[in-house]
Amino acid sequence: MEQVNTESLSRESSGAFVFQSRPNCSQTHAQERLAFRGLAALCLGTAIGFAGMGYWLVLPFEGLVIGLLIWARAVRHGHESDYESLTIEGDMVVLEWRMGNQSGHRQMNRQWVRVACDCTVPGRSCRLCVSSHGRETEVGHYLSDEARLQLAATLRSKLQA
Amino acid sequence: MKGTWQSGVGALALVGSGTALADYAYNLQTPASGVAQDVFQLHNLIMLVCLGIFVVVFTAMFYSLWKHRKSVGHQAAHFHENTTVEVIWTVIPFIILVGMAYPAARVVIDMKDTSSPDMTVKVTGFQWKWRYDYLNDGIGFYSNLSTPRQQIDGTAVKGEHYLLEVDEPMVVPVGKRVRLLVTANDVIHSWWLPAFSVKQDGIPGFIRDSWFKADQIGTYRGQCAELCGKEHGFMPIVVEVVSEPDYQAWVAKKKGAAQTAAADHGRIFEIAELMARGEKAYQANCAVCHQENGMGLPGTFPAIRGSRVATGPIADHIKVVMNGRPGTAMAAFGPRLSDADIAAVVTYQRNAWGNKMGDLAQPAEIAATRLRVAKASATQ
Amino acid sequence: MSDAAHAHPGHHTHPTGIMRWLTTTNHKDIGTMYLWFALIMLFSAGSMALLIRTELFQPGLQLVHPDFFNQLTTMHGLIMIFGAIMPAFTGFANWQVPLMLGAPDMAFPRLNNWSFWLLPAAGLMLMSSFLLPGGAAAGGWTMYPPLFIQGGISYDLTILAVHIMGLSSIMGSINIITTILNMRAPGLTLMKMPMFCWTWLITAYLLIATMPVLAGAVTMLLTDRNFGTHFFNAAGGGDPVMFQHIFWFFGHPEVYILILPAFGIVSQIIPTFSRKPLFGYASMVYATASIAILSFIVWAHHMFAVGMPVAAQLFFMFSTMLIAVPTGVKVFNWVATMWKGSLTFETPMLFAIAFVCLFTIGGFSGLVLAMAPVDIQLQDTYYVVAHFHYVLVSGALFSIFAGIYYWLPKWTGHMYDERLGKLHFWLSVIGMNIVFFPMHFLGLAGMPRRIPDYALQFTEFNQIATVGAFIFGFSQLIFLTVVLKTIRGGAKAPARVWEGAEGLEWTVPSPAPYHTFEVAPVLSK
């Protein structure tokens with residue numbers, strides 16, 4: 001199945017298996033800015049219109065919406081450089097990730113790595129984890145469930161190979 | 001209970017019999033003015049247009065539902081757009097609408113033209129009654145629902161004009177352009193008379209106008225059309241259209257009644273007389289909220305029976321009745337009732353349903369209170 | 001990628017019981033909660049409607065006091081609009097938008113959780129206001145002053161509840177807009193999106209444009225009530241009619257907020273069961289957008305009876321008539337989608353067809369009401385009640401039923417009981433018409449709305465309507481049964497539940513994703 005929801009990438013380079021993925025963003029920066037500014041302008045316009053007629057009590061509420069929009073934009077902005085990657089090379093499995101202002105790195109021994117996928121809670125997304133020495137690390141954040149299942153299968157076969 | 005059963009059976013049988021069909025009306029009320037006639041025809045016209053579109057759309061749809069079933073082996077075609085067709089069914093409705101716009105606009109303009117009236121009546125909505133002031137003839141009166149409470153509660157047989165009858169109808173001469181100045185005293189009401197196609201909201205603090213010219217002598221009935229609180233369903237409108245001489249006679253009678261009322265002001269009343277008059281005034285003005293037994297409705301409308309106001313100093317009691325309690329549903333009755341009626345209502349409240357104050361108010365005291373209030377506001 | 005064991009040991013185990021639902025950020029969980037909340041509210045406000053209809057079964061006052069009657073009509077309206085229809089559509093958006101776009105979740109999952117949990121709080125406030133001294137608010141769902149100024153504490157509580165529900169809608173809308181604009185799968189351009197996403201995108205814009213205005217309007221009511229301001233009090237230089245202008249500036253777009261997602265759902269279902277793509281996709285998108293834009297310039301057609309200048313009356317009449325054009329385009333497109341298709345009539349399709357037929361009837365009565373002079377006669381009568389129930393019951397509510405039957409197999413993994421579904425459909429569609437069709441005649445004959453008692457000539461049609469109301473009301477218990485049965489079990493649903501279904505959501509296993517895993521996870525070394 002095609003990888004529908006992320007710009008993810010898994011390839012073999014010089015014998016290594018690399019899985020990389022980052023959140024999908026179907027808008028360019030300029031389009032995204034325009035969308036948020038358009039909404040804010042809509043609110044500002046109505047606010048000015050009604051306040052001009054003397055019904056100034058719409059102002060705090062339009063302000064609240066504009067505040068929410070700014071917050072939403074900031075959250076999106078903070079996650080712009082999010083990514084995760086998993087590399088299998090020789091005996092090493094390397095995980096790297098960035099999420100907002102947090103980033104991390106983990107190395108594991110291929111022999112000890114287990115892949116677990118938990119889909120037991122109805123109505124919830126699947127959770128795909130790689131674990132080693134009792135420590136679990138979730139992967140495939142930016143994937144849809146079926147892509148996660150597929151990744152789990154791929155990882156299992158790669159780890160065994 | 002028997003009534004419930006019978007009407008239940010009636011509804012279930014869907015009343016196919018010819019006699020009962022008399023009550024099934026399928027169109028607007030019979031118009032009784034030129035504007036109402038225009039509106040009636042406009043409605044018929046738009047219904048015809050709708051019917052036309054209905055037939056076209058539904059024929060196409062049900063033909064398709066029948067012929068293009070999978071169960072008869074119809075294979076799906078694969079077209080999914082056709083610019084020509086799409087343009088056609090955007091443009092044709094637009095043309096139909098432009099065609100409708102003209103006759104509709106003509107009636108709007110006619111309805112809104114309140115110029116050169118033969119007479120002007122100011123209509124004021126109150127919770128929950130109407131007041132009519134004839135600006136040309138100098139008469140004014142309230143118009144209350146006259147259906148007895150027993151009919152509403154189901155303890156008496158309902159009359160022919162149940163809920164659509166008043167004590168004092170509005171009376172107008174036939175064939176005269178009557179301009180209405182509609183306003184309200186407390187909340188928004190709406191003066192609606194279907195036969196004349198007049199519906200005008202009465203907005204407190206503002207006056208909006210409308211007009212009608214009744215074509216035929218007769219009695220026409222309507223109701224308040226804007227939710228105005230508890231008794232919204234119980235403030236009907238009755239207009240009696242009479243001949244010009246009858247109208248003049250009615251005006252003369254009304255003026256005479258006003259003089260009798262004025263004569264009451266100087267008189268000293270006996271307590272029995274005040275109690276009888278007070279009971280009538282109480283039923284017309286107070287009972288909707290405070291109830292006939294003076295017990296009010298707990299949590300919504302306070303009781304009068306045994307209340308501090310009705311068993312306290314009489315001067316305070318008079319003040320509450322005359323000035324109301326601002327910010328609540330208790331209206332100021334000073335401007336609404338005559339001195340004699342206020343005196344009577346106060347006396348009645350202090351001596352009815354186990355309230356035994358034994359004191360009474362005289363119209364002269366009310367007049368004096370009015371004077372004091374007027375002076376106080378003048379010095380401010 | 002987060003290092004679970006590092007920061008929060010045991011974090012990976014899902015919270016269970018009530019905590020699962022309180023803390024969930026999963027779009028499917030939240031969608032489910034929205035839908036259950038909507039269903040509970042539908043039944044509460046529906047029972048109020050049955051009380052109203054029982055009182056109106058015959059002239060005279062039998063069951064309820066006039067003041068309580070007004071409380072029932074007010075709360076029926078508020079709860080149905082803000083508690084049942086809107087949350088149901090938001091529930092659909094939560095479930096379907098990410099699946100249709102191929103996104104893993106909504107853009108702001110935490111915000112999504114908050115926007116849901118505000119709703120039960122508001123719903124509880126509205127319901128509990130019946131217990132306060134003086135009862136619930138009785139000034140009509142439109143909250144017109146000065147009547148709304150008169151009431152007691154429950155009026156303030158109602159205003160607060162409206163604020164909370166408004167905030168919830170705003171947060172939901174920002175989430176939906178961001179999700180649709182930003183999280184579409186590669187290659188899924190805006191003009192390739194399913195219609196449901198388009199209609200919700202436009203709805204979300206309408207919500208953001210109008211909800212703050214409603215919040216402002218009710219806040220001014222609140223300050224007029226409690227802090228002595230005079231925004232809407234003529235004695236203090238205000239204008240009660242301005243409230244109506246501001247309210248309907250919100251209120252008319254709100255009408256489309258309640259119907260556009262319905263258009264979206266129906267536009268998904270009809271092509272599926274016609275086995276043919278949606279006819280005139282582009283014109284559907286443009287029609288939806290034009291309806292949304294026009295909705296901002298027609299508000300005063302709710303106020304023809306307040307007495308506006310001729311020019312205003314004519315302007316609002318013409319702009320209102322204009323809305324018929326894009327609405328007509330949508331209906332014609334649905335019919336053209338069925339034309340030469342290969343039709344089958346499963347329950348979702350039956351509801352969708354009923355939607356097209358009955359919504360069209362609601363559209364016709366809307367056209368009649370658009371004629372200002374005719375509207376003067378029909379404003380605030382049962383004709384208007386009939387009109388907006390044709391649009392909101394056989395429109396919005398039927399589309400919700402259609403959508404539930406259509407996607408429930410996807411969500412639960414089980415097929416619903418087709419026989420019960422069809423029974424529910426036929427009883428609903430017959431009951432609905434028995435309740436609301438006679439109301440047209442009542443309105444024409446001159447029966448005002450919002451009255452607890454009526455003149456004798458209105459008796460027959462009222463009795464018919466009441467009988468219909470009980471048929472319609474109680475047949476919804478069948479719906480509840482079907483839903484519960486489907487959740488608990490039933491025939492297994494395949495990934496592509498419907499033969500003719502197209503779109504990303506149908507490539508996902510049913511339910512997404514629980515049962516598919518039978519083949520997969522053996523833990524590998």
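Predicted model: local features only at pLDDT ≥ 70, side-chain atom pairs only at ≥ 80, totals over all residues.
Me: What order do the elements of chain A run in, from the N terminus on?
Reply: They go β-β-α-α-β-β-β-β-β-β-α, with three helices and eight strands in chain A. Helices (H or I, at least four residues) and strands (E, at least two) are DSSP runs, numbered from the N terminus.

Me: Thanks! How much of chain A is buried?
Reply: Of its 161 residues, 50% are buried. Buried means under 20% relative accessible area, exposed over 50%, and partly exposed in between (1.4 Å probe, protein chains only).

Me: And which domains does chain A have?
Reply: The assignment gives domain 1 (9-23 + 81-160) and domain 2 (29-78); domain bounds come from an automatic or database domain assignment. The C-alpha centres of those two domains of chain A lie 39 Å apart.

Me: Moving on to chain B, how is that one divided?
Reply: Chain B has domain 1 (34-68 + 80-112), domain 2 (119-254) and domain 3 (265-379). Between domain 2 and domain 3 of chain B, the C-alpha centres are 26 Å apart, and 11 residues of domain 2 are in contact with 10 residues of domain 3. Contact means heavy atoms within 4.5 Å.

Me: Which chains share the most contacts?
Reply: Chains B and C do, out of two pairs of chains in contact. Chain A and chain B have no contact, and their closest C-alpha atoms lie 19 Å apart.

Me: Where do charges sit over rings in chain B?
Reply: One case is Lys199(B), whose charged end sits over the ring of Trp192(B), 4.1 Å from its centre. Another is Lys129(B) over the ring of Tyr142(B), at 5.4 Å from the centre. The criterion is NZ of Lys or CZ of Arg within 6 Å of the ring centre and within 35 degrees of the ring normal.

Me: Nice. How many aromatic pairs are there over all chains?
Reply: The structure holds 73. Tyr390(C) and Phe437(C) form an edge-to-face pair, 6.3 Å centre to centre with 80° between the planes. Rings of Phe, Tyr and Trp (its six-membered ring) pair if their centres lie within 6.5 Å; planes under 30 degrees apart count as stacked, over 60 as edge-to-face and the rest as tilted.

Me: Which parts does that pair tie together?
Reply: Tyr390(C) lies in helix α14 (residues 382-412) of chain C and Phe437(C) in helix α15 of chain C, so the pair ties together parts 47 residues apart in sequence. Tyr390(C) is buried at 0% relative accessibility, whereas Phe437(C) is partly exposed at 35%.

Me: What about His440(C), buried or exposed?
Reply: Buried, because its relative accessibility is 7%. His440(C) is found in helix α15 (residues 418-445) of chain C. Beyond residues up to four places away in sequence, His440(C) touches Ser365(C), Tyr383(C), Ala386(C), His387(C) and Tyr390(C).

Me: Last one: how many residues has the largest nonpolar core?
Reply: It has 247, and Phe92(C) and Trp334(C) have the most contacts inside it. Apart from that core lies another of 40 residues, among them Met170(B) and Tyr220(B). A nonpolar core is a set of buried Ala, Val, Leu, Ile, Met, Phe, Trp, Tyr and Cys residues joined through side-chain atoms within 4.5 Å.

Technical notes. Residues numbered from 1 in each chain as written. Chains lettered and ligands numbered in written order. Heavy atoms only, no water.
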